[in-house]
Structure formats: C-alpha cells, structure tokens
Amino acid sequence: MLGVLRIARNLSTKPERPLFRLNKSNPFVAIPQTWVTKLSDVITEQSEILELHPDVFRVNPRLDLIHRNVVWQANYKNLQLTKQLSKAEMPGGGRKPWPQKRMGRHHAGSIRSPHFIRGGFAHGVRGPRTWFYMLPDSCRIHGLTSALTVKHQQDDLVVVENFEDIPNSDPQFLHDLAEERNWGYSVLFVAEDFETSSNLLDAVERIPSFNVMSYFGISPYSLLKYETVVFTKEAILRLEDAVLKRLHCPESLNTSYEYIKLKKTLLDESIYEEDSKTMGNILRRHRNPVDELDQIVKNLQSYQKRLQSLRRGRYNAMWYFTAVLFFSVTVYSAVSCLEAGDSKSMYQRIGLAWFTGILVFITFRFISGRCFDFLLNRNERNIETLNTRRTAILENVKENEKFKVAKDIIEKYGSEQDLAEIGVKRESPPRLNESRLINSEQATVKQPISAKPAEPENLLEFARPLTPEIPQAGSSTDVVLRTPSIPMNRAIGLRTPMQRQPIRPFVQVSRTPIDKIIDYIIGDGPSNRFALICKQCHAHNGMALREEFDGISFVCYNCAFYNPARNAQPLRTPRRLKIPAIEESKPFIRTATNTDSSDNDDAESSAGQPWVAETESPEDVEKPIQS
C-alpha cells in the first residue's frame with residue numbers, strides 16, 4: 001500500500017495531459033484513469049497513471065447499439081452461393097411423360113415438374129445472395145464507445161508501455177502472464193501499427209485464443225469476443241483521438257451507405273494494383289472493359305497531342321535560340337568593328353565571337369536534343385503500354401464475354417483481325433466500278449448493228465475508263481466506304497479510317513537556315529511544291545511536287561471526296577474498234593489508273609498517258625450481222 005501511495009505521489013508531479021474539449025473544473029465530470037504497466041516480467045510492474053477521456057471511456061452504455069454492431073458485423077460478410085434450379089432450368093423433360101387422357105394417371109407435362117423425383121424446385125433458393133448492409137456512423141461510433149466503457153468498468157482493459165518488452169517468443173510466457181494478471185482464457189493485443197514485436201507475433205501464432213491487431217481495426221464485436229483487451233499506450237491514445245475527431249466532426253454521422261451511390265467508388269478501387277491477392281481488398285470489383293477502353297483511348301489521344309506539342313516545341317526552341325544567338329553575335333561583331341583600334345584586334349574579337357556562338361549553339365542543341373528525346377521516348381513508352389493494355393483487354397473480352405457483347409466491343413475498339421478471330425466477317429463492299437457497269441448494262445438497248453463502222457466521236461466514251469463514283473460525305477455509301485473492311489485503293493488514294501492520311505506530306509514554311517540551304521541545293525521546299533486542296537471541304541491534303549501536281553488524283557482524308565487529276569484527258573480511240581461487226585461479244589475492259597511515283601517504279605513507261613483502256617465491244621447484243 002505504501003508503494004502504491006509513493007508511486008502516486010511521484011506521478012502527481014508530472015504535467016497533466018490536456019484532454020480534448022474537457023472542462024476539468026466541472027465537478028460533475030469524472031475523468032477515468034488506468035494504470036500503465038510493463039510486460040518485461042510476469043509480476044505486475046506499474047509505471048504511471050494515464051487519464052482517459054470521459055467522452056470515450058465514461059459514457060452511458062447503450063446495449064442496444066452494442067447488439068446492433070455485433071449483429072451487423074456477424075452478418076454483413078455472409079454470402080449464399082446456393083442456387084436451386086427451377087423446372088425450366090433443369091436439363092431434359094421436354095417430352096410429355098404419358099398421354100393426357102385414358103391412362104388413369106394424373107396430368108403431367110414434364111418429368112422436371114417440382115412434384116417429380118429429380119424435378120425442379122418451386123420457389124427455391126436463388127443465389128448468390130448477400131446480407132451486406134452498412135450501419136450508420138453514429139451507431140458504430142457510439143457502439144464502440146459503449147463497448148470501451150464496459151471493458152474499462154469491468155477492469156478488462158489493460159494498458160502497457162509497449163510490446164517490445166516481451167523478453168522471448170515462448171508462448172508459455174504469455175500463458176504465465178495471463179494467469180498471473182488474471183487476464184482470462186482469450187486475450188486481444190492491440191498495437192499502434194501493423195508492425196509490432198516479433199516475439200509477440202511468434203508467441204501468439206501458437207496460442208489459438210490469443211490474437212493481435214492494430215488499433216484502427218477495433219470494433220465492438222472484437223472487444224466482446226475476447227475477455228481481456230491489452231492496449232499499448234500509443235495505441236489507446238491514437239484510438240481516443242480518432243474517436244473524438246469523429247464525434248466532433250462537422251459532417252453528419254448519419255451518412256448514407258447505399259450501394260447504388262457508392263458503386264463507382266467500389267468498382268474503381270484498386271484498379272491499378274498488379275497483384276490482387278497481396279494488394280487487393282474485399283471491396284475490389286471487376287472493372288467494366290468498356291470504361292477502361294474509353295479511358296485508354298482518351299489517354300492515347302492526350303499522349304498523341306503531347307507528342308505533337310513536344311515536337312513543335314523542340315523546333316520552336318531551336319529556331320528562337322538560333323535567331324537570338326545570331327542576332328547577338330552580329331550585334332557584337334558590329335560593335336567590335338566600331339570600337340576596335342586596329343584591324344587585327346577587330347578580327348580577333350569577331351572571330352572569337354563567332355567561335356563562341358557556334359560552340360554555344362552546338363552545346364544548346366545537344367542539351368535540348370537530349371531533353372526532348374527523353375520526353376518523347378517517355379511518351380512513346382506510355383503509348384506502347386496503353387496499346388499493350390488495350391490488346392490484353394480485347395483478348396480478355398474474346399475469352400470471357402458473350403459473343404454479342406464481345407462483337408460490339410471489338411467493332412468499336414478492335415481491328416479486322418480481332419473480328420476474324422471471333423468469327424465475324426463483314427460483307428465486302430461492292431466494287432467501285434460495279435455500279436457504273438450495272439447502270440450501263442441496264443441502259444443498253446438492243447438495236448441492230450449497222451455494217452458501217454461507228455464514228456470515232458461516238459466511240460470516245462467507251463475508250464475512256466470508267467471513273468469510280470466517289471460518294472459524297474454523309475451519304476449511306478460513304479459510311480460503307482469508311483468501314484475498316486475496305487482495303488487501301490492505291491488508284492484513288494483511299495485508305496481505311498485507321499490508316500487514312502494525306503496523300504502527300506505537309507512541308508513547314510518555318511525551317512532552319514540549314515534546311516533552307518539543303519532545300520535550295522536539292523530543289524525541294526515549300527516554294528517548289530503545290531498544295532493539294534479538296535474541292536468540297538477545302539482541306540489541305542499535303543504538298544505535291546511540281547512535276548506530279550497535274551497528274552495526282554486523290555481522296556480527301558477529311559471528307560472522303562474524290563478529286564480527279566487536273567490533266568485527265570480522254571484517250572484516242574483504239575484501232576481495233578473500227579471492226580464493222582462483232583458477233584456475240586462481251587464487254588472487256590482493262591483499266592489502269594495513274595499511280596504515285598512511290599508505288600510503281602515503272603511509271604516512266606506510261607508517262608503522258610494517265611488513263612489506258614481497251615474496249616472490244618461497247619454493247620452486249622445478240623443480233624445477226626446485216627449484210
């Protein structure tokens with residue numbers, strides 16, 4: 001008794017811990033206290049007295065709130081996976097077991113009816129079913145304070161300095177400790193963090209009724225499950241601060257926890273974790289592939305814009321720096337000419353200025369090139385990562401999703417090869433000349449063929465090749481031509497939507513002096529090229545060389561409008577068309593349009609003849625030859 005009084009007298013000299021929003025002068029407020037002990041020995045060794053907050057450890061116990069917390073925590077994780085099949089879901093039973101009448105038996109339509117053995121279930125269990133729900137924050141926080149108060153009043157709440165004082169990992173030491181200090185059969189050790197004493201963890205692993213957890217996982221259920229709860233001093237102070245902040249927060253404690261409102265948060269949680277087994281949690285859900293693909297497409301577009309801005313910034317930085325440096329060196333040289341006393345010193349200063357300027361230019365070009373290369377490579381790696389992720393998602397969609405869902409997703413985000421892998425084939429679009437041929441055959445009228453050969457003026461239209469009818473933008477045929485199933489038509493420069501691009505590159509007007517000198521030497525550059533402008537939308541389709549400008553026909557990459565060549569002229573009539581009569585002849589057309597110089601190496605052989613056509617018969621008729 002004297003030792004206890006001596007310890008209390010020594011502790012009274014220590015400064016008191018300030019309690020949150022507590023008026024100690026109020027005589028009606030009772031401040032709970034507890035001993036802080038050590039675990040270095042089996043015998044109890046008390047070190048100090050710790051004052052606790054009455055709003056947490058001295059409240060009116062609400063047994064109803066404790067009961068609601070225990071029921072909620074015992075049931076909200078339950079999941080029933082049992083599913084009993086109904087009559088329609090059972091295999092077999094499609095045939096009527098016996099005739100409707102004259103059998104002396106009851107009427108039956110299937111052996112899978114509920115009253116048959118091995119039949120379906122009527123009103124059976126239809127899993128999966130969950131009992132998940134969330135208690136309001138007010139019930140949970142007040143239930144926790146009620147449980148802590150009950151534990152403290154029953155002297156089942158123990159506070160120790162730390163768990164590092166445990167001398168060894170022998171489980172017998174913990175058994176002796178619990179028996180000496182009357183802790184009971186089951187004990188819960190609460191630490192201030194995930195990491196705690198290794199001796200304690202090793203000993204608890206071999207004792208089934210002992211357990212260790214951190215303070216932010218404490219609940220009324222865990223407090224009532226164990227006879228004694230042992231806190232470290234730091235853990236109980238952190239728990240007290242967390243509870244007080246939640247009790248006095250400005251937000252309402254009656255927070256709604258409806259699943260429909262938290263669906264996006266729950267589904268998007270931990271989507272970027274690589275290992276779901278070690279890093280995931282119980283709230284993790286499978287993310288919708290459509291949403292993820294949409295996000296990937298948006299990220300790809302942003303990275304593409306960033307690449308363009310980086311390339312443009314690299315060019316502008318070099319141009320402005322070169323201009324400023326050139327201007328500075330020129331001004332310095334002019335000032336040196338005016339201030340120099342003799343010509344020798346003037347030449348030395350001018351030479352030194354230009355040498356320094358060239359050295360600075362080379363250094364800046366090297367450093368800026370390294371920096372921009374690093375940024376460009378990083379963006380390209382990000383784009384490659386996103387493309388890899390998109391491919392993986394599409395492969396997962398092919399394997400796991402239903403056919404209709406997979407088809408819709410792949411048609412929107414995939415390619416023709418992905419569609420072919422799942423067995424989807426698009427209808428091949430009609431040939432570009434097919435409609436013209438059909439119209440010409442329908443318009444043909446069976447007329448007698450005269451023995452006199454046709455005039456060249458009338459036969460010129462048959463010698464001219466059939467120009468493909470390119471649909472206008474927005475028409476139904478234009479939608480067909482825009483589908484990815486159409487291959488590239490080099491005759492008119494048509495490309496698929498994923499590959500459509502200007503037929504010629506864009507040449508920038510703002511170029512470095514070195515580039516201008518090279519262009520002047522090789523005869524290339526903006527001044528030696530002509531712009532290809534669409535006649536419908538007036539879009540820029542690149543810069544063509546002077547010698548190929550009049551012979552290029554192209555399809556606008558913006559509106560898919562066909563722009564014919566400027567020098568497309570009809571050819572002269574072939575000589576074989578002057579035959580007086582043809583018997584049972586069919587139209588034979590061979591057309592070869594002009595191609596780009598980059599596509600055919602033998603373009604020189606057909607120079608001057610952009611269209612070549614041979615026609616044996618203008619009409620498909622079956623009439624006897626008139627004599």
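These questions and answers look at salt bridges in a predicted model.

Reader: How many salt bridges does the structure hold?
Author: Side chains of opposite charge can pair when their charged atoms come close. In this predicted model, the number of salt bridges is 10.

Reader: Which helices hold aspartate 137 and arginine 246?
Author: The side chains of aspartate 137 and arginine 246 meet in a salt bridge, at 2.4 Å from N to O. The two residues are 109 apart in sequence, so the pair ties together separate parts: helix H4 (residues 137–153) for aspartate 137 and, for arginine 246, helix H8 (residues 233–247).

Reader: Is aspartate 137 buried or exposed?
Author: Buried means under 20% relative accessible area. Aspartate 137 has 10%.

Reader: Which residues are linked with Asp137 in a network of salt bridges?
Author: Asp137 pairs with arginine 246. The network also takes in another arginine. The residues linked with Asp137 are Arg246 and Arg140.

Reader: What separates glutamate 234 and arginine 238 in helix H8?
Author: These two form a salt bridge, with the closest N and O atoms 3.1 Å apart. Glutamate 234 is partly exposed at 38%, and arginine 238 is partly exposed at 33%. They sit 4 residues apart in helix H8, so the separation is about one helical turn.

Reader: How many residues apart are glutamate 292 and arginine 389?
Author: Glutamate 292 forms a salt bridge with arginine 389, the closest N and O atoms lying 2.9 Å apart. The pair links distant parts of the chain, helix H11 and helix H12, and the residues are 97 apart.

Definitions and conventions: Residues are numbered from 1 along each chain as its sequence is written. This is a predicted model: local features need pLDDT of at least 70, side-chain atom pairs count only at pLDDT 80 or more; totals for chains, interfaces and linings use all residues. Side-chain values use heavy atoms; hydrogens and water are left out. A salt bridge is a side-chain nitrogen of Lys or Arg within 4 Å of a carboxyl oxygen of Asp or Glu. Buried means under 20% relative accessible area, exposed over 50%, partly exposed in between (1.4 Å probe, protein chains only).
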